[in-house]
Amino acid sequence: MTVDETTRTVTPARAAAELELKREEFRLAVRMGLIRTTPLPDRDEAVRDRGGGRERVPERRPVERAELDRLKAAPDFPDGLRERVRAVGAGEAAGLLSITPDRFARLARTGHLSPVRFYLNRYRSVIWLYVAAEVTAFGEEHPALLGGRLPAEVREREAAGEDLRARNWRSRHLALLLRGTGDPWVRAAAVASLLDPVQVAEVVDDPYERGHLDRLRPPPPPGFPVSGAAYEVAERLVRADDPDEILWHRVSLALALDEARAVCQAPHPGERPRPAAPAAPAATQPEVVPVPVSDAGVVRPSDVAPVGGPVRRPAVRARARRGAPPPGRAAARAPGARRPGLLDRLRRSLPGRTGGGGGWGERRDWG
């Protein structure tokens, strides 16, 4: 669809074309905060179906025309913007630093460089990607690490088998997710996405809150496999595995939940009225208010109004009949006589149609 230059906002696809960015480069630029997007009306983020739930996709937010003008007015546009979001592998990153790939891998494993993306190749090996501009900046700030013998601390950590690439990626991924939203429940869901479901259940006792967090779970990172053994490998990469990292995210989730609950409570499913019992004789039948029950037929304590508190009124109330039919009326009906139809019953239920002056309003025996 053609977008007029005077339009206030443009679609992400049009914005990427005008900024001369590829699809993945545009996504990364949005997550890194280099391109400011506009929330959609009445929603913080666009959503799309994902299995049994919904997933939020911040890259689908439109971009204001003023933001495009700001980016295109930069003196180094478009090469400067493209360079700031260019992701490179370990081999190319080592070339930018003029060091061997083995030395670069040793620096990355010991946490000196943080990956920005990953994907799995055909052999299910994890390929880490780094921002080229950050790699160049690292070389300028730490020239001593690029040549000669590595410091003893780095060698000891490497000998102990330390590999912080996945942990640094998770930390960076979480920061990008939190930067893209101000909704406290979405922020809590972003933290929960880095924990195993068992860990989340230990922190979040309320099953309704856990379900709400699962519905708000952020989408998988770009390049995430959808099934098979590769999916299992990638799934392990997005879960915290170090004890102190798990503890950190558990505390962060508890604090995020406190902030979210202070704003609003997690939505609970609607109440379903109890099925009506067989009709009792009208003369002795009182007005009945059904008690909400769960699907298993168990009364939930949360549905019982506390003493002195407001009374919860169900959506549907069984209405008592206004009176019993006159004695002998039903028995006096002639054999084979037609039962009153629905229209007659509706007419008799109208106000003022219960008197005994003759006509269709006189009879009240609905049979």
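Modeller: A residue is called buried when its relative accessible area is under 20%, exposed when that area is over 50%, and partly exposed in between. The model is a predicted one, and a search of the whole structure finds 27 salt bridges. One of them joins arginine 8 to glutamate 64, with 3.0 Å between the closest N and O atoms; this pair links distant parts of the chain, since arginine 8 is in the segment before strand S1 (9-10), whereas glutamate 64 is in strand S4 (residues 63-64), 56 residues apart. Arginine 8 has a relative accessibility of 58% and therefore counts as exposed, while glutamate 64, at 27%, falls in the range that counts as partly exposed.

Another salt bridge is formed by glutamate 134 and arginine 172, whose closest N and O atoms are 2.3 Å apart; here glutamate 134 of helix H7 (residues 132-141) is linked to arginine 172 of helix H9, and the two are 38 residues apart. Glutamate 134 is partly exposed at 30% relative accessibility, but arginine 172, with a relative accessible area of 16%, is buried.

Arginine 250 and glutamate 202 also meet through their side chains in a salt bridge, at 2.7 Å from N to O; because arginine 250 lies in helix H14 (residues 243-263) and glutamate 202 in helix H11 (residues 197-203), the pair ties together parts that are 48 residues apart in sequence. Both partners are partly exposed, arginine 250 with a relative accessible area of 23% and glutamate 202 with one of 49%.

Note on methods: Residues are numbered from 1 along each chain as its sequence is written. This is a predicted model: local features need pLDDT of at least 70, side-chain atom pairs count only at pLDDT 80 or more; totals for chains, interfaces and linings use all residues. Side-chain values use heavy atoms; hydrogens and water are left out. A salt bridge is a side-chain nitrogen of Lys or Arg within 4 Å of a carboxyl oxygen of Asp or Glu. Helices (H or I, at least four residues) and strands (E, at least two) are DSSP runs, numbered from the N terminus. Buried means under 20% relative accessible area, exposed over 50%, partly exposed in between (1.4 Å probe, protein chains only).
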